[in-house]
Number of protein chains: 2
Amino acid sequence: MNIEETIKTAYGESLNSARFGDKFEEIDAIQSIIKSAKSVVVATRNEKKFKVVFNIISKITDANISMIEIPTNSADLTRMPAVSKGLIAVDSSDADIIISRGRLGIPGSGSFLLIMDKKGRILTGSISPSSIIHKNPIDKTVELELINALERIGIKVKK
Amino acid sequence: MNIEETIKTAYGESLNSARFGDKFEEIDAIQSIIKSAKSVVVATRNEKKFKVVFNIISKITDANISMIEIPTNSADLTRMPAVSKGLIAVDSSDADIIISRGRLGIPGSGSFLLIMDKKGRILTGSISPSSIIHKNPIDKTVELELINALERIGIKVKK
C-alpha cells in the first residue's frame, strides 16, 4: 500500500474509534519512502553534524545527500524549532526526505531529530536529553539520535 | 528567571547567532513550572494510562491531576496527533500542565509523550518505538516515556 492509502485507512479507523495502534503495512510504507529516496536534505549548516547524518543515510539509500542552503536561525523563535527547520527545508528544496534536528520546544527543552517526507509529513523521530544533562560530544549524540529514529520504525543500520 | 525571561534571552541569542545550547537557568525554569503546578490534565481517556501518569506526577507535585473531559480522536487526523491532543487539553481546561500522549506523525510513526504548559509551550517530551517494533505492555511503555521525559530535564522520580 502506498502512504496515502495507509493514512486514509488509519484516519477512517480513528473516526470510527476502531484504531488499535500502528500496523505492519504502515511501518513498511514508511521504510519504503526512506529507502527509495533519491534526494535527502539535511536541515543543518553544521559540517560535523552533516557528516554524521551523511555516513548513516548513505548506508541505507542511494540518495544524493546535501546540506540545506539557507540559514535556519529563525526556526529557533518558533514553538517547535526542529519541526520549523524541517519545513523550511521541505519548502525550499525538492528533497524526497528531510532530516531535521533542533530544539523540541522552549529553550531548555533539549533536542529533537525528525525525518520528514517531501510534503512535511513526519515519518519518525527521536529525542535526546538537554545537552546540560547528558555530556556526550555532539557527533555521538546526533549519531545515536538518527540510529534510534531509524530503528524505531524497523530500519537497522550496519555499523 | 521566569520562563518568559529565559525565552526572550534565548530568542535574542538566536537572532544574533550567539546561541550555544541549553542553559542551566532554562532547565531550572522548566523544572519550576512542572513542580509548582496546581492542576495537571492528562490528555487521555484511557484509565490504565491515566493511572500510570497519576502515580508518577503525584510524586513530584501537589497538583490536582485529572483526565481530559472530551474525546480526542479528531487529533489523530492531524499532522502531529500528540501535539494536537495536548492543545485540545490546553484550550479546554485551566490546567497549569498538560501531559499528552499520541502518535508522533503519520500512522506507523509510533508514539510521542509531551509535557506542555498552560500556553501550549512544549517543556519536554519523549518518544517510543512503534508498538509493533517493541512488545512492551502499554502501562510499562507510558511509565518509561514519562520518566524519560522528566529525567531529560533533570527531574528524577523516586521509585
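**Entry 1: the domain boundary in chain A.** I first asked for the area buried between domain 1 of chain A and domain 2 of chain A, and the value is about 790 Å², with carbon and sulfur atoms giving 64% of it. On the side of domain 1 of chain A, the residues that lose the most area to domain 2 of chain A are I33(A), I34(A) and S36(A), which together make up 55% of what that side buries. I note that this is a predicted model, so every value here is computed from predicted coordinates. The division I used puts residues 1-36 of chain A in domain 1 and residues 38-152 in domain 2, and the centres of these two domains, taken over C-alpha atoms, are separated by 23 Å. Counting contacts, I find eight residues of domain 1 of chain A against ten residues of domain 2 of chain A.

**Entry 2: charged and polar pairs across that boundary.** How many salt bridges are counted between domain 1 of chain A and domain 2 of chain A? The count is two, and I also find three residue pairs in polar contact across the interface of these domains, both residues of each pair being at pLDDT 80 or more. Two elements, helix 1 (3-15) and helix 2 (24-35) of chain A, each give two or more residues to the side of domain 1 of chain A that touches domain 2 of chain A. Helix 2 of chain A gives the most to that side, with four residues, and by class the side divides into five nonpolar, one polar and two charged residues.

**Entry 3: the partners of E4(A).** I then looked at E4(A), which forms a salt bridge with K119(A), the closest N and O atoms being 3.1 Å apart. A salt bridge also joins E4(A) to R121(A), where the closest N and O atoms are 3.0 Å apart. Because R121(A) sits in the loop between strand 4 (111-117) and strand 5 (122-127) of chain A while E4(A) belongs to helix 1 of chain A, this pair ties together parts that are 117 residues apart in sequence. Over all chains, the structure holds 20 salt bridges.

**Entry 4: the interface of chain B and chain A.** The contact takes 52 residues from chain B and 52 from chain A, and the area buried between the two chains is about 4000 Å², of which carbon and sulfur atoms give 63%. Within chain B, the three residues D22(B), I106(B) and R152(B) supply 18% of the area that chain B buries against chain A, more than any other three. How many salt bridges does the rule find across this interface? It finds zero, whereas 20 residue pairs are in polar contact there, both at pLDDT 80 or more. Helix 1 (3-15), helix 2 (24-35), strand 4 (111-117) and strand 5 (122-127) of chain B each supply at least two residues of the side that touches chain A, and helix 1 of chain B gives the most, with seven residues. That side of chain B has 22 nonpolar, 19 polar and eleven charged residues.

**Entry 5: how the copies are related.** Finally I checked the superposition, in which a rotation of 180° with 0.0 Å of shift along its axis places chain B on chain A at an RMSD of 0.0 Å. The two copies are thus related as by a two-fold rotation axis. Of the residues of chain B, I127(B) comes closest to the rotation axis, its C-alpha being at 3.2 Å. Since 100% of the interface residues of chain B are also interface residues in chain A, the copies meet through the same surface.

Technical notes: Residues are numbered from 1 along each chain as its sequence is written. Chains are lettered from A and ligands numbered from 1 in the order in which they are written. This is a predicted model: local features need pLDDT of at least 70, side-chain atom pairs count only at pLDDT 80 or more; totals for chains, interfaces and linings use all residues. Side-chain values use heavy atoms; hydrogens and water are left out. Copies are superposed by least squares on the C-alpha atoms of residues with pLDDT of at least 70 in both. Contact means heavy atoms within 4.5 Å. Domain bounds come from an automatic or database domain assignment. Buried area is the accessible area (1.4 Å probe) that two parts lose on being put together, summed over both. A salt bridge is a side-chain nitrogen of Lys or Arg within 4 Å of a carboxyl oxygen of Asp or Glu. A polar contact is a pair of N or O atoms within 3.5 Å; within protein, one must be able to donate a hydrogen and the other to accept it, and residues adjacent in sequence count only if both atoms are side-chain atoms. Ala, Val, Leu, Ile, Met, Phe, Trp, Tyr, Cys and Pro count as nonpolar, Asp, Glu, Lys and Arg as charged, and the others, Gly among them, as polar.
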